[in-house]
Amino acid sequence: MKEQLIFTKSVAGRKEGYLPPLDIPEPQQVSLPDWARRKDTPRLPELTEMDVVRHYTRLSQLNYGVDSGFYPLGSCTMKYNPKINEDAANLPGFAQLHPYQPVETTQGALQLMAETQKALAEIAGMDAVTLQPAAGAHGELTGIMMIMAYHASRGDRRRTKVIVPDSSHGTNPATAALCGCEIVQIPSNPDGGVDLEALKKVAGMDTAALMLTNPSTLGLFENQISEIARIIHQAGALLYYDGANMNAIMGYARPGDMGFDVVHINLHKTFATPHGGGGPGSGPVGVKAFLEPFLPKPVVRYEMQDGRYILDDRRPLSIGKVKAFYGNFGVVVKAYTYLTVMGGDGLKAASEKAVLNANYLMSLLGRDYHVPFAGPCKHEFIVTPKNIKETGVHTMDVAKRLIDYGYHPPTIYFPLIVEEALMIEPTETESKETLDAFARALCKISREAKDDPGLLHEAPHNTPVSRMDETAAARKPVLRWVPYYE
Amino acid sequence: MNSNEVKYTREHEWIKVEGKLARIGITDYAQKSLGDVVFVELPDLDRELKAGEVMGVVESVKAVSDIYAPCTGRVITVNEALLDSPELINQDPFGDGWMVEVELDGLDEELLSAQEYEELVKEEAE
Amino acid sequence: MAYLPHTKEQEKAMLATIGVSSSEELFRDIPPELRLARPLALSPGLSEKTAWEQIGALAEKNRHTGRLISFLGAGAYEHYQPKAVKHILARSEFYTAYTPYQPEISQGTLQAVFEYQTMICELTGMDAANASLYDGATALAEAALMAAEATRRKVILVSPLLHPEYRQTLETYLHGRGIRIAEIPWEKGVTQPAEAEKLLNHEVAGVLLQNPNFLGSIEELAPFAQAAHKAGALLVVSVDPVSLGLLADPGQCGADIVVGEGQSMGLPLSLGGPYLGFMGVKEKYLRRMPGRIVGKTTDRLGREGFVLTLQAREQHIRREKASSNICSNEALCALSATVYLALLGPQGLREVGNQCLQKGHYAKKCLSTLPGVTVPFGCPSFTEFVVKTQEAPVLLNQRLLSGGILGGLDLGRFYPELKNHILLCVTEMRSKEEIDQLVRIWGEKA
Ligand SMILES: Cc1ncc(COP(=O)(O)O)c(C=O)c1O
């Protein structure tokens with residue numbers, strides 16, 4: 001099945017009208033000066049509504065989402081996205097608010113934001129939260145900027161280095177670089193944790209921060225975290241928590257109690273807001289009290305005196321603005337709805353079942369796949385194919401073959417420190433039947449790797465396209481449609 | 001340094017000196033580890049390079065590598081064929097896949113001989 | 001408990017397979033002193049029905065633009081969203097998917113992004129576009145970083161008539177990279193090209209403008225392009241895409257990078273987000289563009305299809321040397337814009353633009369006849385315009401609000417020199433009657 005580009009379906013002159021005719025009398029109309037006027041017409045498609053609806057409906061059928069089936073994409077927490085969240089965000093009382101409306105007309109929205117901040121602070125063990133960042137990486141940027149502003153406010157301008165483990169996500173070093181920091185990468189120890197000796201060697205007077213996920217990208221809880229926090233704080237640096245893996249520990253442990261000073265949380269992972277095919281997300285940042293003055297502007301809070309919620313802009317130490325307005329409010333509404341339905345007990349149960357599901361699936365796969373780190377794992381784990389040398393079957397082939405069995409593949413080739421990694425995160429919303437069936441498929445694939453490796457090399461077989469020529473795509477980029485004149 | 005001698009950097013560039021001129025490219029090991037090269041960014045003509053600075057970029061689907069200048073000097077020619085056919089770097093890294101020619105002003109002091117470079121590659125491969 | 005499938009028996013069987021007696025044991029690797037010894041201090045979970053009632057009540061506490069007659073713009077615009085947009089966006093094959101890492105089962109998202117990139121190029125006059133950035137403000141900041149990288153220069157010239165929040169975001173982003181910002185003087189509602197020319201030198205990486213600018217005035221871009229290029233700098237323009245059915249495209253005027261806020265293309269106001277940062281560039285800068293980019297290619301069997309491409313410079317591969325740290329972006333918002341533009345077509349977009357232009361001018365003219373109200377800038381404007389009042393804007397807006405009207409933005413908030421100036425916005429949503437109503441209530445006391 002293939003769908004033509006929408007532009008090629010266009011018929012000159014076809015149109016659909018959505019507006020009443022202009023009601024300003026002609027004598028009162030103006031015209032633009034010549035220099036301001038557009039001379040050509042942008043080549044947008046000319047179609048009826050039905051043409052457009054059919055086109056995008058068919059495109060949607062070429063996609064695979066959480067609603068299509070199991071989506072064990074490690075580090076992305078592809079849990080079920082409850083429908084009530086979507087409806088809540090679409091309520092006119094939320095969706096039709098202008099960001100510059102007077103605050104007395106948006107008290108319900110500000111209350112929702114303040115309550116979400118409070119709930120996230122409680123879950124993460126932090127004192128204050130901003131909802132402004134638009135995604136995880138944006139939260140990282142906000143957090144590291146606050147750390148740099150904190151050091152600078154103390155006249156401590158030597159701190160220009162940010163330490164990241166070699167298992168870290170690419171956004172961590174990229175963020176630090178964007179803040180003008182130098183990156184120091186430290187190796188992991190054989191258990192997948194931070195190499196303490198290496199850390200001690202590099203932590204010093206020039207260290208601004210250490211960025212860490214816990215559980216790590218290997219799905220393991222870093223149990224030396226208190227010692228790590230001690231080393232970092234003794235060096236005068238701060239500890240940053242990448243909250244991509246928060247789904248493992250809600251109600252069990254809190255980054256704040258582990259010694260982290262700054263945390264970002266992905267609402268589009270842990271708090272069940274949909275990923276949208278690549279966003280919008282939301283990456284709230286929580287901080288300990290001493291960093292509160294540096295939060296981006298404005299801060300949403302309750303003003304006792306006025307008896308109402310306000311947007312506080314007068315914050316001299318703030319890092320400034322990280323985007324226009326107040327963050328991805330629509331996404332926050334969805335997360336708030338999820339929090340309301342789940343409650344404290346529900347969130348803890350979600351983490352418990354996420355860890356249960358991961359450990360169960362890991363147990364089922366242990367016979368046919370290599371498990372580089374023994375359990376218990378947290379919400380995700382890593383396996384690698386066995387006998388790669390003999391079969392010639394790589395992780396990529398296993399992933400693509402999974403598509404034939406109706407699954408979305410796990411995250412592959414990440415973290416970089418495990419060769420041929422398949423990073424599997426089942427999430428708590430998947431049933432035992434689904435996990436059993438997925439494990440059976442993976443086991444069957446490992447047998448196929450021995451018996452019929454060609455089948456795997458050529459997978460997937462039943463998709464509208466098979467493996468794409470990425471080299472050709474990058475050598476001669478074709479990034480847009482252009483009309484083709486014969 | 002003898003004329004026509006090829007020297008190497010720790011970052012996998014090669015440099016071949018002929019009198020006042022030098023030709024620069026990346027090594028076979030470098031192209032192999034990058035995989036299919038999809039794009040090359042070369043320095044502007046007449047740019048004054050300083051030994052050790054980044055003078056360009058080679059890009060494959062899965063990696064991007066900076067190219068470091070192995071010498072100080074002025075860029076007098078760039079291999080424009082690479083802009084359209086970056087695969088020349090994979091096909092013939094020491095020949096048609098060369099990158100720039102420089103009017104030499106001085107070499108990086110830490111260049112490696114062929115033998116030293118071979119050892120480096122052996123180490124890295126392990 | 002919501003959204004959790006296991007029965008007691010299943011759970012028992014799973015624990016047995018793992019070889020533990022309770023799930024508690026699976027958390028044994030968390031040191032006891034780090035375990036949270038109490039329940040989370042959050043409300044208990046609610047049934048969907050009760051939760052829905054509570055959230056509905058919270059929404060009801062707000063006065064929304066569906067029930068007010070809004071003349072507020074300033075970077076967030078109320079436009080008509082054809083009903084079909086929401087229906088397409090509600091296809092969960094789109095909205096519950098992750099970033100299209102597996103092209104074989106993501107052709108839907110990938111092709112939609114390719115179509116989106118094409119539409120952005122068509123509107124802006126650029127050669128290539130990316131799959132989206134967080135919003136208009138961060139898109140501008142990313143463009144400034146790109147200009148600095150491309151020119152290896154460290155000064156950015158900024159029009160003060162760029163959205164104030166965009167400029168603040170720009171400052172935050174550039175701070176860490178040691179890039180300096182200088183402002184170009186403005187006069188009579190527009191940025192002055194002659195002043196830009198004076199400030200341009202071999203240190204300037206880019207000139208940043210907004211069109212129409214924050215005051216609603218249309219800037220003449222070509223002289224800025226000429227001046228910037230003469231000095232070896234790039235011209236970066238932030239635009240309102242809905243204006244581009246009508247206004248000259250920035251590419252034709254000489255812009256090198258065009259960015260902007262795509263909210264006006266079918267996205268709800270939603271108190272400021274999620275919105276849509278877009279970016280288009282001239283061919284020369286295509287490989288420096290941050291974020292996800294979709295390209296067309298062929299598969300093993302020669303069939304055409306789409307993939308994420310030019311990703312080698314992104315954070316997941318290049319780490320600290322990446323051109324940006326962006327990962328998740330605003331894909332679904334880009335889809336919304338794509339469907340919006342496809343439904344409107346070139347004529348529909350032009351019609352929206354023309355109604356914005358005409359209604360804005362009509363409102364401006366009517367208001368200027370009121371005693372105590374003047375129009376300070378004579379230049380052509382689009383959708384938005386500035387008036388000066390004798391009445392304090394706060395009081396005026398209170399008065400309007402009690403008449404069911406959401407008044408304009410008090411410009412004194414961002415520009416001390418524009419005390420008692422109000423920025424008003426009139427899109428195609430407002431009827432002549434509503435504009436007349438605004439004028440009537442405004443005039444009752446002023
Ligand atoms: C560990 C980790 N950190 C950071 C990120 C970036 O988050 P976002 O895509 O929301 O910017 C991710 C996303 O995949 C991640 O897995």
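These are my notebook entries on what I looked up in this predicted model.

**Entry 1: salt bridges**

I started with the charged pairs. The count over all chains comes to 59 salt bridges. I picked out a few to follow by hand.

A:K83 is partly exposed at 31% relative accessible area, and A:D67 is partly exposed at 32%.

My next pair was A:E104 and A:R308, with a salt bridge of 3.6 Å from N to O. Here A:E104 is in the loop between α3 (92-95) and α4 (107-124), and A:R308 is in strand β9 (residues 308-312) of chain A, so the parts tied together are 204 residues apart in sequence. Relative accessibility is 41% for A:E104, which counts as partly exposed. A:R308 is partly exposed as well, with 29%.

Then I moved to chain B. B:E101 forms a salt bridge with B:R23, and their closest N and O atoms are 2.8 Å apart. Both partners are in strands: B:E101 in β9 (residues 100-107) and B:R23 in β3 of chain B, so the bridge ties together parts 78 residues apart in sequence. I noted B:R23 as partly exposed, with a relative accessible area of 29%.

I also found a network: salt bridges that share partners join A:E122, A:R254, A:D257 and C:R38.

**Entry 2: charge patches on the surface**

Which residues gather in a patch of negative charge on the surface of chain B? I listed B:E116, B:E118, B:E119, B:E123, B:E124 and B:E126. I took B:E119 as my example and placed it in helix α4 (residues 114-125) of chain B. B:E119 is partly exposed at 43% relative accessible area.

A:K386, A:K444, A:R447 and A:K450 form a positive surface patch. I located A:K444 in helix α13 (residues 432-451), and its 39% relative accessibility counts as partly exposed.

**Entry 3: cysteines**

How many disulfides are there over all chains? The count comes to zero. I wanted to see why, so I checked two cysteines against the 2.5 Å cut-off between sulfur atoms.

The sulfur of A:C443 has its closest cysteine sulfur in A:C377, 16 Å away, which is too far for a bond. A:C443 counts as buried at 11% relative accessibility. In chain C, the sulfur of C:C253 is 16 Å from its closest cysteine sulfur, in C:C379, and that is again too far for a bond. C:C253 is buried, with a relative accessible area of 17%.

I turned to the peptide bonds next. The one from A:N214 to A:P215 is cis, with omega near 0 degrees. A:P215 sits in the loop between β4 (207-212) and α8 (225-234) of chain A. Another cis peptide bond joins A:G279 and A:P280, with omega about 10 degrees. I placed A:P280 in the loop between β6 (262-265) and β7 (285-287) of chain A.

That loop between β6 and β7 also holds A:A272. A:A272 has a positive phi of about 65 degrees, although it is not a glycine. Is A:A272 buried or exposed? I found A:A272 buried, at 0% relative accessible area.

C:L310 is another non-glycine residue with a positive phi, about 50 degrees. C:L310 lies in the loop between β12 (304-308) and α10 (315-318) of chain C. Its relative accessible area is 7%, so C:L310 is buried.

Finally, I looked up a pair of glycines. C:G280 is part of strand β10 (residues 277-281) of chain C and counts as buried at 0% relative accessibility. I took its C-alpha distance to C:I422, which comes 142 residues apart along the chain, and got 32 Å.

B:G25 is in strand β3 (residues 21-26) of chain B, the strand that also holds B:R23 from my first entry. B:G25 is buried, with a relative accessible area of 0%. B:G25 and B:A114 are 89 residues apart along the chain, and 15 Å separates their C-alpha atoms.

Methods:
Residues are numbered from 1 along each chain as its sequence is written. Chains are lettered from A and ligands numbered from 1 in the order in which they are written. This is a predicted model: local features need pLDDT of at least 70, side-chain atom pairs count only at pLDDT 80 or more; totals for chains, interfaces and linings use all residues. Side-chain values use heavy atoms; hydrogens and water are left out. Patches are made of residues with over 30% relative accessible area and no salt bridge: like charges are joined within 9 Å, nonpolar side chains (Val, Leu, Ile, Met, Phe, Trp, Tyr) within 5 Å. Accessible areas come from the Shrake-Rupley method with a 1.4 Å probe; for residues, only the protein chains shown count as cover. A salt bridge is a side-chain nitrogen of Lys or Arg within 4 Å of a carboxyl oxygen of Asp or Glu. Lys and Arg count as positive and Asp and Glu as negative; His and the chain ends are not counted. The place of a charge is taken as NZ of Lys, CZ of Arg, CG of Asp or CD of Glu. Helices (H or I, at least four residues) and strands (E, at least two) are DSSP runs, numbered from the N terminus. Buried means under 20% relative accessible area, exposed over 50%, partly exposed in between (1.4 Å probe, protein chains only).
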